[in-house]
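Here's a quick briefing to read with the model open beside you. Take it topic by topic and find each spot as you go.

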Amino acid sequence: MLQLEFFPRTELRSLLDFQRLGSSLLPLADRRRLAHSLEFYQSPKANDIIRRQHADLVDQILGLRLRYIEEMLIAEAQGFEPEGSVDTWGPGIHSGIQTWVGLDLQTLQTPYSECLRIVQLLRIKPYQHVIDLGAAYGRMGIVIGGLYPKNSFLGYEYVGARVDEGNRVYGELGFSRCQLVQQDLFDPLFELPEADAYFIYDYGQVEHIDRNLRQLEAIARKRPVKVVVRGKFTKQIIADRHPWLDLKYQGRLEEFFSVYTAYIG
Ligand SMILES: C[S@@+](CC[C@H](N)C(=O)[O-])C[C@H]1O[C@@H](n2cnc3c(N)ncnc32)[C@H](O)[C@@H]1O
């Protein structure tokens, strides 16, 4: 049971418990305490609807201003293309890059409970480094910063407003080893840094993902890597073009992500 200032005997067993905490912004000390507790990232039930609702409430409790930022992005995109949609708005305002402006926030991002399951499955050791390619607001970094404070996290994201908001919350929570960086992953000058584990959730077009996977292949020639892939799109690209990645885990209950490993050297 968590001891918070506002809710001294706090249980996190049902969505109602999370709703109670999200009804107004908690003092920072309480948000920090929650962010460091395992139960905070566990969904009360495993089904997809509850996992998404739980993730939405965790965002609210942590004070992430996602809706406001996404509405600003939609308004900007509608200014250019009033009849557009989620397929066209992102590319319309972000130089052709598919940034998924207008997509439901819980589809845009991986639920916290799944981020938790992923890092648990990765069995990351202290001081290992994790990179998210196309990180949006950096949920994976919240879980790592909260539960694996000796590890470091770097998330690349094209949309500057998402990067700033994620970094603001990392700063508030004191996650000094977590960082989001504004970066076009398809920039010809971009060089993918080495890391112990990479996370990819269908962030862009086939040729973008394919190029980053080629960069990853070069890294896997020097050192072992783990790669977590969420989304059908990237899994298909791997099946078609990247046999160097060994499938080690395919979610059954989760169904959404797969874990690959590689060390070609
Ligand atoms: C489906 S979301 C996944 C977010 C996060 N990885 C998660 O699972 O919660 C993909 C993100 O990749 C970003 N993205 C797409 N193309 C990109 C590019 N070329 N460079 C950097 N980010 C990109 C999008 O803006 C979006 O926020």
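Helices (H or I, at least four residues) and strands (E, at least two) are DSSP runs, numbered from the N terminus. This is a predicted model, where local features need pLDDT of at least 70, side-chain atom pairs count only at pLDDT 80 or more, and totals for chains, interfaces and linings use all residues. Residues are numbered from 1 along each chain as its sequence is written.

**A helix residue to start with**
- Leu 34 sits in helix 2, which covers residues 28-35.
- Is Leu 34 buried or exposed? Leu 34 is buried, because 23 other C-beta atoms lie within 10 Å. (Buried takes 20 or more other C-beta atoms within 10 Å of a residue's own, exposed 12 or fewer, and partly exposed is in between; C-beta atoms are placed from the backbone.)
- If you skip neighbours within four places in sequence, Leu 34 is in contact with Leu 2, Phe 40 and Ile 61. (Contact means that two C-beta atoms, placed from the backbone, lie within 7 Å.)
- Leu 34 and Tyr 68 are 34 residues apart along the chain, and their C-alpha atoms are separated by 23 Å.

**The whole chain**
- The protein chain has 11 helices and seven strands.
- Its C-alpha atoms fill a box of roughly 55 × 45 × 35 Å, taken along the principal axes.
- A compact globule of 265 residues would have a radius of gyration near 18 Å, and the protein chain agrees, with 18 Å. (That radius is taken over C-alpha atoms, and the globule rule is 2.2 Å times the number of residues to the power 0.38.)
- Of the 265 residues in the protein chain, 41% are buried.
- Among contacts with a separation of 6 or more, 65% link residues 24 or more positions apart.

**Nonpolar cores**
- A nonpolar core is a set of buried Ala, Val, Leu, Ile, Met, Phe, Trp, Tyr and Cys residues joined through C-beta atoms within 7 Å.
- The largest one has 65 residues, and Val 143, Tyr 198, Ile 200 and Val 227 have the most contacts inside it.
- Helix 7 (residues 112-122) gives the most to this core, with six residues.
- A second, separate core of six residues includes Leu 73, Trp 89, Ile 93 and Trp 100.

**Strand pairing**
- Strand 5 (residues 225-230) pairs with strand 7 (residues 257-262) in the antiparallel sense, over six bridges. (Two strands pair if DSSP finds at least two bridges between them.)
- In that pairing, Arg 230 stands opposite Phe 257 in strand 7.
- Strand 6 (residues 246-250) is also antiparallel to strand 7, over four bridges, and Tyr 249 stands opposite Val 259.

- Most residues other than glycine have a negative phi.
- Ser 95 isn't a glycine, yet its phi is positive, about 50°; look for Ser 95 in the loop between helix 5 (89-93) and helix 6 (105-108).
- Ser 95 is exposed, because it has 10 other C-beta atoms within 10 Å.
- Ala 136 also has a positive phi, near 50°, and is found in the loop between strand 1 (129-133) and helix 8 (139-147).
- Ala 136 counts as buried, because it has 27 C-beta neighbours inside 10 Å.

**Around the ligand**
- Which residues come nearest to the ligand? Of the 26 around it, they are Thr 99, Gln 109, Thr 110, Gly 134 and Tyr 203. (A residue is near a molecule if its C-beta atom, placed from the backbone, lies within 6 Å of it.)
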